[in-house]
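Trainee: I would like to go through this model and ask what stands behind each label. Please answer with the value and the cut-off.

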Protein chains: 2
Amino acid sequence: MTATQTAASRQIDNDNELMDTNLRSRAERVIPGGMYGHLNAKALPPGYPQFFERAQGCRVWDVNGREYIDFMCSWGPVIAGHKHPGIEEAARRQASLGDCMNGPTGRLVELAERLVGMLPHADWAMFQKNGTDATTTALTIARAGTGKRKILLAKGAYHGAAPWCSPSVAGVTAEDRAHLIYFAFNDVASLEQAARQAGDDLAAILVSAFRHDLGVPQELPDPAFARKARELCDARGAALVLDEVRAGMRLSLSGSWEGLGVRPDLAAWSKAIANGYALAAVTGNDRYRRAAQQIYITGSFWMGGVAMAAALATLDVLERSNAVEHFENMGLRLRLGLQRQADKYGLPLKQTGPVQLPSVMFEQDADFAKGSLFAAEALKQGVYLHHRHNMFLSLAHSERDIDLALQVTDHAFSKVAAL
Amino acid sequence: MTATQTAASRQIDNDNELMDTNLRSRAERVIPGGMYGHLNAKALPPGYPQFFERAQGCRVWDVNGREYIDFMCSWGPVIAGHKHPGIEEAARRQASLGDCMNGPTGRLVELAERLVGMLPHADWAMFQKNGTDATTTALTIARAGTGKRKILLAKGAYHGAAPWCSPSVAGVTAEDRAHLIYFAFNDVASLEQAARQAGDDLAAILVSAFRHDLGVPQELPDPAFARKARELCDARGAALVLDEVRAGMRLSLSGSWEGLGVRPDLAAWSKAIANGYALAAVTGNDRYRRAAQQIYITGSFWMGGVAMAAALATLDVLERSNAVEHFENMGLRLRLGLQRQADKYGLPLKQTGPVQLPSVMFEQDADFAKGSLFAAEALKQGVYLHHRHNMFLSLAHSERDIDLALQVTDHAFSKVAAL
């Protein structure tokens, strides 16, 4: 419930209060553990809803009828706000023609042209459905193109949920990860050491646009680290693969490392490129065009026209709206507001990484007791935050939404201060 | 163009004739090879369109404005016909609420309950996006549940396009397939031999609902073979994993092997379960519930409510319409009609596998010269067939559509006879 919620709507909440509980107990019977993956509410502080009813702009409503100002944006995909009229209209128009057919629609070509036009690193694009499809495809292309096998990647980084990269090793064999060598993000020496370890078998360096590991301070890439990754790839004939799944289109519309002057050979995209419609992409340069042609990848729904039409409209909206500037402004407003409040309550805060993907943690909070209380208190007042994962902003977040949220966080900080 | 096409619409075709060509040449620049995966028209006989404009029922229109009676159903997904009103309405209703949010909608629970209610083998369900997600997830669960590593699977079977199973080995490492052991479909001795080879490390037998390999006669499972697979898994504590991605919901609404009296531990579903909306599922029994909880799988769009609402409506429609009986009737009508025509022209035909997924090849046609000519001639007259892959039927295929198609195939056979 938001600050503006009325007594009448509070009454409705009470009547519906059991919906989420009921769905959870039904889910326990027919879904292992009741829920799985990153949207599992069991990983959140007490009080978080598991099931959602509807969404509009930067607001979501759970099945108990509670409204939240949302700072997760569906964990990234919703970048222009839920039900953005222009994007929905483009999707509807395509749906009225056809979606999943015996071949692609013209949207495939238009979208590939669009990405190639936007991203200086890219000469071509290929589309999939999951972020994991995109990272896996990029590495397969890198291996096909180089004839090498070893992949360097940062320890603790999330690149998807296939056996080669899943955070759990249940059901994973040693061979699934036989050719992975780990380095520490932003640590040039460890990157060089990993490259030495790969010997003459280095296929790729896979690296996230910034360090967005769970539960630790976020880190923007050190330009020297980014340049070293590029240099190593050039010297060794390996592919620099940028994982843009999380950061993509929020830091820059030209590629997240473009400002550093470092261009990847291959980049993996998903989440925000179609405002919540299921789509992923790999973009690449001409050096890897032939390799991309040699591998075999496909999926039953990959050529669906609706998600591609939504992506074209999303990219239009992002460009027309100076989206990155908006995310920066809203992110800065939130960060500064939170900092002022934390200072007032004498609570040392760790706000790290790019402001567009807010990450808010407390100092001396190894067990996340403070973070959990903070998030749970904000949730009670209608602000949906995450206590140990980066958050996301959308075009639908206005100054007024940020300010409403800050009214709520002030109260949440007061509860943490009283711990 | 169909048999009913008018001179006026033929004129429109001529004006648009270059659309497909234009899109192909634009695609060559921005997509490696111009197209990839199973929808690549380069694998089809000359004259097949690459790009599609719209679809309705069992008809598709290419970007040149040509209309076809379609026997591929988007390679499986479209099972109730394109733009089925009830399914579209369910999807629209969910879209008007919300699709991709911070958690699932109630549709997740309803759909899991629905599958568990329909499929006697299943105690639970989990959802993904690609068929490959479902097969990979099922094997990961099998390995987690058994603590073993070896997977037995049929030589030449298609189970997806990840490095462990892709038909191409470009970019694939030996380790990606280190624990796979191959048998011949329907060959009990080779299955037993593969199981012996796995020693005490057998995690699963993965098997397609029927043999639907590309370019060879299709085979329904021999009941003795299916029972042996079940026996071996029981004796060795391994999981029987049924790949229902291709066949699912066309042979039976209770699971494709239910009629054989053989129940899998785990089954992988995708394609037809949501009539073209991107969705996949793994269903499993209680023996693998805990393992399914231990693995970590997820995807940015997996909990989208729209595809699940479409799936619920699709399953309703299939049940209400006696869909399997309809597919059988239409499939038999097509098969018998083609057989009569082939006999008339003295052309020995191989029609194999279940009638619901028609497979039409010619005897003595190793290079598919006859099949290619047959398909190309049918295409010219507005019937979209495949010359070496199984085809698919939908609820939208009526007796009249089959009969219209048979008018065209008669002419196509005459061309093959004249070879």
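Trainee: What makes the pair A:Lys380 and A:Glu377 a polar contact?

Mentor: The model is predicted, so the values are computed from its atoms. The side chains of A:Lys380 and A:Glu377 come to 3.1 Å. A polar contact requires a pair of N or O atoms within 3.5 Å, so the pair qualifies. A:Lys380 belongs to helix α11 of chain A, residues 369-380. Its C-alpha atom is 7.7 Å from that of A:Gly47, although 333 residues separate the two along the chain.

Trainee: Why is the pair A:Asp401 and A:Arg59 called a salt bridge?

Mentor: The N to O distance between the side chains of A:Asp401 and A:Arg59 is 2.5 Å. The cut-off is 4 Å, between a side-chain nitrogen of Lys or Arg and a carboxyl oxygen of Asp or Glu, so this pair counts. Because A:Asp401 is in helix α12 (residues 399-417) and A:Arg59 in strand β2 (residues 59-62), both of chain A, the pair ties together parts 342 residues apart in sequence.

Trainee: How do you know whether A:Asp401 and A:Arg59 are buried or exposed?

Mentor: Buried means under 20% relative accessible area. A:Asp401 has 7% and A:Arg59 has 14%, so both are buried. These two residues are also linked with A:Glu67 in a network of salt bridges.

Trainee: What are the values for B:Asp213 and B:Arg211?

Mentor: The side chains of B:Asp213 and B:Arg211 meet in a salt bridge at 3.0 Å, N to O. B:Asp213 is buried at 9%, whereas B:Arg211 is partly exposed at 21%. Over all chains, the search finds 46 salt bridges.

Trainee: How many salt bridges are there between chain A and chain B?

Mentor: The count is 2. A salt bridge also joins the side chains of B:Glu113 and A:Arg26, at 2.7 Å from N to O. Helix α4 of chain A gives the most to the side of chain A that touches chain B, with 7 residues. That side divides into 48 nonpolar, 27 polar and 18 charged residues.

Trainee: What is the extent of the interface between chain A and chain B?

Mentor: In chain A, 93 residues are in contact with 93 residues of chain B. The buried area is about 7,900 Å², with carbon and sulfur atoms giving 61% of it. A:Tyr36, A:Asn102 and A:Tyr296 lose the most area in chain A, together 11% of what that side buries.

Trainee: Which residues touch the most other members of the largest nonpolar core?

Mentor: A:Phe127 and B:Phe127 do, in a core of 295 residues. Beyond four places away in sequence, A:Phe127 touches, among them, A:Leu108, A:Trp302, A:Met303 and B:Tyr36.

Trainee: What makes A:Ala272 a buried residue?

Mentor: Its relative accessible area is 1%, and the limit is 20%, so A:Ala272 is buried. A:Ala272 lies in the loop between β9 (266-269) and β10 (280-284) of chain A. Beyond four places away in sequence, its contacts include A:Gly76, A:Pro77 and A:Arg250.

Trainee: Why are the phi values of B:Lys271 and B:Asn322 worth a remark?

Mentor: Because most residues other than glycine have a negative phi. B:Lys271 has a positive phi, near 40°, and that of B:Asn322 is about 45°. B:Lys271 is in the loop between β9 and β10 of chain B, and B:Asn322 in the loop between α9 and α10 of chain B.

Trainee: Are B:Lys271 and B:Asn322 buried or partly exposed?

Mentor: B:Lys271, at 9%, is buried. B:Asn322, at 48%, is partly exposed, because exposed means over 50%.

Key
Residues numbered from 1 in each chain as written. Chains lettered and ligands numbered in written order. Predicted model: local features only at pLDDT ≥ 70, side-chain atom pairs only at ≥ 80, totals over all residues. Heavy atoms only, no water. Core = buried A, V, L, I, M, F, W, Y, C linked by side-chain atoms within 4.5 Å. Buried < 20%, exposed > 50% of the residue type's maximum accessible area, 1.4 Å probe, protein only. Contact = heavy atoms within 4.5 Å. Buried area = accessible area lost by both parts, 1.4 Å probe. Helix = DSSP H or I, 4+ residues; strand = E, 2+ residues; numbered from the N terminus. Nonpolar A, V, L, I, M, F, W, Y, C, P; charged D, E, K, R; others polar. Polar contact = N/O pair within 3.5 Å; in protein donor to acceptor, adjacent residues only side chain to side chain.
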